[in-house]
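I want to walk you through a couple of helices today, so let me put the picture up.

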Amino acid sequence: MELIYTFNGQDITMLICLLIRDVVNEIQKRSNLSFGDAVDAFYASTTYATLQNTENALWAEPAGYIADMYFTEKEKKQAACA
């Protein structure tokens, strides 16, 4: 199996996958979206792209913190469009 996510040479793939699940669940709860729609919304976000870069250690933050980042990003985009 190829490593997808590493930090300091350690495989953190499972940790990231579980974190993504928890963030998506939080987005679901707050937005009243289906799981699939919440996944699509999160994967399209800059927050998700930031999470992909393991060197910034965002993966070490709790899911609620990352969900807050996602919603802040979403609010800024909506304000920019208004």
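Predicted model: local features only at pLDDT ≥ 70, side-chain atom pairs only at ≥ 80, totals over all residues.

Let's start with H1, residues 13-31. With 19 residues at 1.5 Å a residue, helix H1 should span 27 Å, and its end C-alpha atoms are 27 Å apart, so that agrees. Now, which residues of H1 are buried? They are Thr 13, Ile 16, Leu 19, Ile 20, Val 23, Val 24 and Ile 27. Those cover an arc of only 135° around the axis, so they sit on the same side of H1. The face turned away from the buried side carries Met 14 and Lys 29, which are exposed.

What do the buried residues of H1 pack against? That would be strand S2 (10-11) plus helices H2 (35-43), H3 (46-52) and H4 (63-81).

A quick stop at Thr 13: its relative accessible area is 7%, so Thr 13 counts as buried. A polar atom of its side chain lies 3.2 Å from the backbone nitrogen of Tyr 5. After H1 comes Asn 32, with a positive phi near 55°.

On to H4. Its buried residues are Ala 63, Ile 66, Ala 67, Tyr 70, Phe 71 and Glu 73. Looking down the axis of H4, they fall within an arc of 155°, so they line one face. Glu 75, Lys 76, Ala 79 and Ala 80 are exposed on the other side of H4. And the cover over the buried residues of H4 includes H1, H2 and H3.

Technical notes. Residues numbered from 1 in each chain as written. Heavy atoms only, no water. Helix = DSSP H or I, 4+ residues; strand = E, 2+ residues; numbered from the N terminus. Expected span 1.5 Å × (residues − 1). Buried < 20%, exposed > 50% of the residue type's maximum accessible area, 1.4 Å probe, protein only. Arc of directions from axis to C-beta. Contact = heavy atoms within 4.5 Å. Polar contact = N/O pair within 3.5 Å; in protein donor to acceptor, adjacent residues only side chain to side chain.
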